[in-house]
Amino acid sequence: MSERAAQEFFKDAKKKAGTLKPATFHTLRHSFATHLLEDGVDMRYIQDLRLATFRPPKQPLEGATIRRLVYDGQIIMANPIQTILATQALVILDGALATELERRGGDLNDPLWSAKILLEQPEIIQQVHLDYFRAGADCATTASYQATFEGFMQRGLSHAQARALIQKSVQLALRARDEFWSEPANRIGRARPFIAASVGPYGAFLHDGSEYRGDYALSENELMEFHRGRMAALIDAGADMLACETIPTLVEARALVRLLDEFPNITAWFSFTARDGEHISHGERFADCIAEVAPHPQIAAIGVNCSSPRFISPLIQTVRRVTDKPIVVYPNSGETFDATTNSWQGTIACADFGSQTRAWYELGARVIGGCCRTTPEHIHEIALWARATAI
Ligand SMILES: [Zn+2]
C-alpha cells in the first residue's frame with residue numbers, strides 16, 4: 001500500500017470514529033490486516049499501532065510484536081485467525097506433535113512427554129513444524145503442551161531454566177516459520193503462517209490421563225496460579241496467539257478466561273475435549289461451556305480437540321447454535337490413550353480425513369487440523385480441498 005493509499009484508508013476509518021459498532025471493528029480489522037499483508041508488511045514489526053496516525057513504517061522495528069491495534073483510544077487486538085479468514089476459506093492447523101516426534105524416533109517415555117524433546121532433541125521439533133507448514137498448515141502449535149514450571153523444576157531445573165525451555169518451544173516454531181516463509185515458492189497462494197502457543201491443561205502435567213477426565217480437585221484460583229507464569233512466558237517469547245487446548249472441565253476454562261484479562265494484548269482459541277457428542281470430558285454440557293466462555297472478546301475461535309472424529313459433527317452443530325465465533329476442530333485419530341499402559345487403544349476413525357474435514361467445514365468449522373496420532377499426510381489431505389475452496 002502506498003503512503004497515499006494508507007492515508008486515504010485511515011481518513012475513511014477516522015470518519016467512522018465514534019459510530020463504530022463491534023461488527024464495524026471486525027471489518028476494519030480485516031481490511032487493515034489485508035492491506036498490510038498485501039503490502040508484504042511483516043505484522044510482527046509494528047507495535048501498538050495507532051490507526052488514525054498510521055504511516056507505513058520506513059524501517060522495521062526490530063523484535064517488536066504486534067498484538068494490539070489502537071483505534072481512537074479503543075484497542076483492537078491482532079487476531080491471526082480473522083486475518084487469515086479474510087483471505088482464505090479455512091485456517092488449516094497442524095497435526096500431532098508428540099506422536100509425530102515419537103514416530104521419528106523421539107523417546108517420549110517420560111512424565112514430561114513431548115517437553116522432554118525440548119530438552120534433548122529440539123531440532124526434531126523444528127523439523128516437525130516445518131513439515132506441517134510444507135503439508136499446508138497455516139499455524140504451528142508449540143511444543144509447550146506439557147512444558148510447565150512445575151514439571152521442569154521437579155526434574156531439577158531452576159525457575160530460569162524452566163522459563164527458557166518453555167520459551168524455546170515458541171522460538172523453535174518461529175524459526176521453522178521463518179525458514180519456511182523465506183522461500184518465495186512457499187508463499188504462493190497462501191497466508192503467512194502464525195504461531196499458537198499451546199497451553200495444555202493442568203492434567204497434562206500430572207501425566208496420569210487426568211487431562212481426559214478433568215477430575216483434579218483444584219479451585220479456579222489454584223488453576224489460575226498454575227497457568228499464569230507459563231502463559232506470561234509464552235506471550236513474552238513472541239507467540240502470535242494462545243491455544244488453550246484439551247480443556248476437560250469448565251472450572252479450568254473459567255480460570256483460563258480470567259487469566260486472559262491479565263494479558264489483554266493477546267487472543268486465544270479455546271478448545272475442549274469431549275466424551276461424546278454432547279458433553280466435555282468432565283461431564284458438563286458442551287453447549288453450556290461454549291455459551292459461558294465464547295463471549296470473551298479475546299477468544300478468537302472456540303471448539304473441540306483431541307476427541308474422536310466420530311463426535312465432531314454434533315459438536316460443531318452445538319457451537320453453531322450458541323456463538324458466531326469461528327469454530328475450531330482438531331480431533332485425534334479416534335483411538336484413546338490408556339495411561340496405565342502408556343499406549344493408544346481402539347480403532348482409527350481418521351481415514352479419509354480429507355472428506356471428513358470438508359464435511360465439518362460445510363457444517364461451519366473454519367479452523368481445522370488434527371490432534372494426537374494425526375500426521376502431516378492428514379494435514380495435506382485438508383489442504384488439498386481447502387486451498388481450492390473460494391471464500
Ligand atoms: Zn491430542
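**View 1. Helix 6 and helix 8 are oblique to each other.** This is a predicted model, so please read each view with that in mind. Two packed helices are described by the angle between their axes and the distance between the axes. Here, helix 6 (residues 122-135) and helix 8 (residues 159-181) pack at an angle of about 45°, and their axes are 9 Å apart. Helix 6 passes helix 8 in a right-handed crossing.

**View 2. Let's look at the residues where helix 6 meets helix 8.** From helix 6, the contact uses P122, I125, Q126, H129, L130 and F133. Helix 8 brings K168, L172, A173, R175, A176, R177, E179 and F180. Sorted by class, this contact of helix 6 with helix 8 has 8 nonpolar, 2 polar and 4 charged residues.

**View 3. Helix 6 also packs with helix 15.** The axes of helix 6 and helix 15 (residues 376-386) come within 8 Å and cross at roughly 25°. Angles under 35 degrees count as roughly parallel, and that makes helix 6 roughly parallel to helix 15. The crossing of helix 6 with helix 15 is right-handed. To find the contact, look for D131, Y132 and A135 on helix 6, and for P376, I379, H380 and A383 on helix 15. These residues divide into 5 nonpolar, 1 polar and 1 charged.

**View 4. Strand 13 pairs with strand 10 and with strand 4.** Strands of a sheet pair through backbone hydrogen bonds, either parallel or antiparallel. Strand 10 (residues 327-330) and strand 13 (residues 365-368) pair in the parallel sense over 3 bridges. You can trace this pairing through I327, whose bridge partner in strand 13 is A365, and through V329, whose partner there is I368. Strand 4 and strand 13 also run parallel, joined by 2 bridges. In that pairing, V91 has V367 of strand 13 as its bridge partner.

How values were computed. Residues are numbered from 1 along each chain as its sequence is written. This is a predicted model: local features need pLDDT of at least 70, side-chain atom pairs count only at pLDDT 80 or more; totals for chains, interfaces and linings use all residues. Axes are lines fitted to C-alpha atoms, for helices over the stretch in contact, and angles run from 0 to 180 degrees between N-to-C directions. Helices (H or I, at least four residues) and strands (E, at least two) are DSSP runs, numbered from the N terminus. Angles under 35 degrees count as roughly parallel, over 145 as roughly antiparallel, 65 to 115 as roughly perpendicular and the rest as oblique. A crossing is left-handed if the near helix is turned anticlockwise from the far one by less than a right angle, and right-handed if clockwise. Two residues are in contact if their C-beta atoms, placed from the backbone, lie within 7 Å. Ala, Val, Leu, Ile, Met, Phe, Trp, Tyr, Cys and Pro count as nonpolar, Asp, Glu, Lys and Arg as charged, and the others, Gly among them, as polar. Two strands pair if DSSP finds at least two bridges between them.
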